[in-house]
Amino acid sequence: KLRKHHVKGMIYEVLHGYYGEDKPWGSLTGIRPTKLMHELAAKHGMDEAKRIFGETYFVTEPKISLAETIVGQQEGYRRSVRENDIDIYIGIPFCVSRCKYCSFVSRDIKFNTKLKDQYMACLLKEFDLMRGTLEKYRIRAVYVGGGTPTALGDDEFVQLLRAAGEYFPNPDEFTVEAGRPDTITREKLDRIKEAGAGRISINAQTTNDDTLKRIGRKHDAGDFFRAFELAKTYGFDSINTDIILGLPLETPEDTQRTLEDVTRFSPENVTVHTLALKNASDFALENQDLLDTRMVSEMVEQSQSFLSEAGYLPYYLYRQKYMSGNMENVGFARQGKESVYNIDIMEEIVSVMAFGAGGISKKLYPEKNLLKRAANVKDIPNYIERTQEMADRKKELF
């Protein structure tokens, strides 16, 4: 591992000398730079961790500062982890349409009714198969994601939430990703509230209607505003909204308008994504051009400054391949409204048991700084045929 880091560093130095261009994260290519900073700080102290980030990995000063802030924000959540804690992820791989930047396994629910019915039956079976294994753990966080869980019909949605309450009772935190504004109804919000979920997401991505059409969303900004106004009346502990920077043809002016639009609703969390051009996405298949690197960098700086001035603090961060401008995704929150699950999953500080197609379970061995994984197959029909095998994988791991 150390040799690999040095080789990457040498290559970076050569290319930097030739092109004369700094990359924000230097030679770091991993998903979790804040996890690395925490490990270095725990071993050597924060000052030395920052020095290593700058001198060994060539990370720029603004990104070093961002990582340091996030590590500090996470400390209380790290200390709150108990020995037998576990997080639960439940994946619903269905949406009302496929966004052009998406590379997930999600299917359009309108054209996959039979598949959806089979999938839901197998998902509940997988819950039941793991009942005995879960008894020795204390559930810290439950996260229902996707896809779009609220794309399910009302009866299926109720069945899912009731099953989650039965099999994974009394978590410290319970999140349902509502996601698409065009799937949010009063009935769905009633069911989420009744199930005891305190956190939801309603994702704008952008409030530019032309961009929403361009990326394959089936809603407009007005739908987002109406869904958010309705959800605010329910008194959830936290409502998150996602925005994406670097969408085709967008400008810093579009970013400014989106930031102003979403923050006038005072969401407790705002997650700022930088567009990543994934190989399996329609954008990649269409050879969609990304925005100029300098413009995306400007948008990232603009959003972080705006949200900081609005009283939000960055608390988790991750990076992906093929990101515009070699940037990052950052979650911002009001103080005390951070997502336990997001910190746990990105910093890998708690074991996670994942259910559904594409879910990756992880068993943590903190004394060895080791993780072992058991991945569910991504393909939905394959998952349906092999549900028992997926449960057996988890049983062996846990």
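Predicted model: local features only at pLDDT ≥ 70, side-chain atom pairs only at ≥ 80, totals over all residues.
1. Let me start with Asn 170, which counts as exposed because its relative accessibility is 62%. Asn 170 belongs to the loop that runs between helix 7 and strand 5 (173–179). Its backbone is worth a look too: phi of Asn 170 is near 55 degrees, a positive value in a residue other than glycine.

2. Gln 205 is not a glycine, yet its phi is positive, at about 70 degrees. You will find Gln 205 in the loop between strand 6 (199–202) and helix 9 (209–214). Is Gln 205 buried or exposed? With a relative accessibility of 7%, Gln 205 counts as buried, whereas Asn 170 counts as exposed.

3. While you are checking the backbone, please stop at Gly 146 and Gly 147. The peptide bond that joins Gly 146 and Gly 147 is cis, with omega at about 15 degrees. Gly 147 sits in the loop between strand 4 (138–146) and helix 7 (154–167).

4. Helix 7 brings Asp 154, Phe 157, Val 158 and Leu 161 to the contact, and helix 8 brings Glu 187, Lys 188, Arg 191, Ile 192 and Ala 195. Sorted by class, the residues of this contact of helix 7 with helix 8 are five nonpolar and four charged, with no polar ones.

5. How do the axes of helix 4 (residues 61–79) and helix 14 (residues 340–347) cross? They come within 11 Å of each other and cross at roughly 95 degrees. Since 65 to 115 degrees counts as roughly perpendicular, helix 4 and helix 14 are therefore roughly perpendicular to each other. Gln 74, Tyr 77 and Arg 78 make the contact from helix 4, with Val 340, Ile 343 and Glu 347 on the helix 14 side. The contact of helix 4 with helix 14 has three nonpolar residues, one polar and two charged.

6. The aromatic residues deserve a tour of their own. Searching the whole structure gives 21 aromatic pairs. One of them is the stacked pair of Tyr 12 and Phe 58, at 5.2 Å centre to centre with 20 degrees between the planes. This pair links distant parts of the chain, 46 residues apart: Tyr 12 is in helix 1 (residues 2–19), and Phe 58 is in the loop between helix 3 (46–55) and helix 4. Tyr 12 counts as buried because its relative accessibility is 10%, while Phe 58, at 22%, counts as partly exposed.

7. Ring pairs link Phe 355 with Phe 127, Tyr 167 and Phe 168 into a cluster. Lys 394 lies over the face of Phe 355, at 5.1 Å from the ring centre. Elsewhere, the charged end of Arg 334 sits over the ring of Tyr 312, 4.0 Å from the centre of that ring.

8. Finally, a word on Thr 133, which is part of helix 6 (residues 131–134). Thr 133 is buried, since its relative accessible area is 16%. Which residues does Thr 133 touch, not counting those up to four places away in sequence? They are Met 353, Lys 395 and Phe 398.

Terms used. Residues numbered from 1 in each chain as written. Heavy atoms only, no water. Axes fitted to C-alpha atoms, helices over the stretch in contact; angles between N-to-C directions. Helix = DSSP H or I, 4+ residues; strand = E, 2+ residues; numbered from the N terminus. Parallel < 35°, antiparallel > 145°, perpendicular 65-115°, else oblique. Contact = heavy atoms within 4.5 Å. Nonpolar A, V, L, I, M, F, W, Y, C, P; charged D, E, K, R; others polar. Phe/Tyr/Trp six-rings, centres within 6.5 Å; stacked < 30°, edge-to-face > 60°. Buried < 20%, exposed > 50% of the residue type's maximum accessible area, 1.4 Å probe, protein only. Lys NZ or Arg CZ within 6 Å of the ring centre and 35° of its normal.
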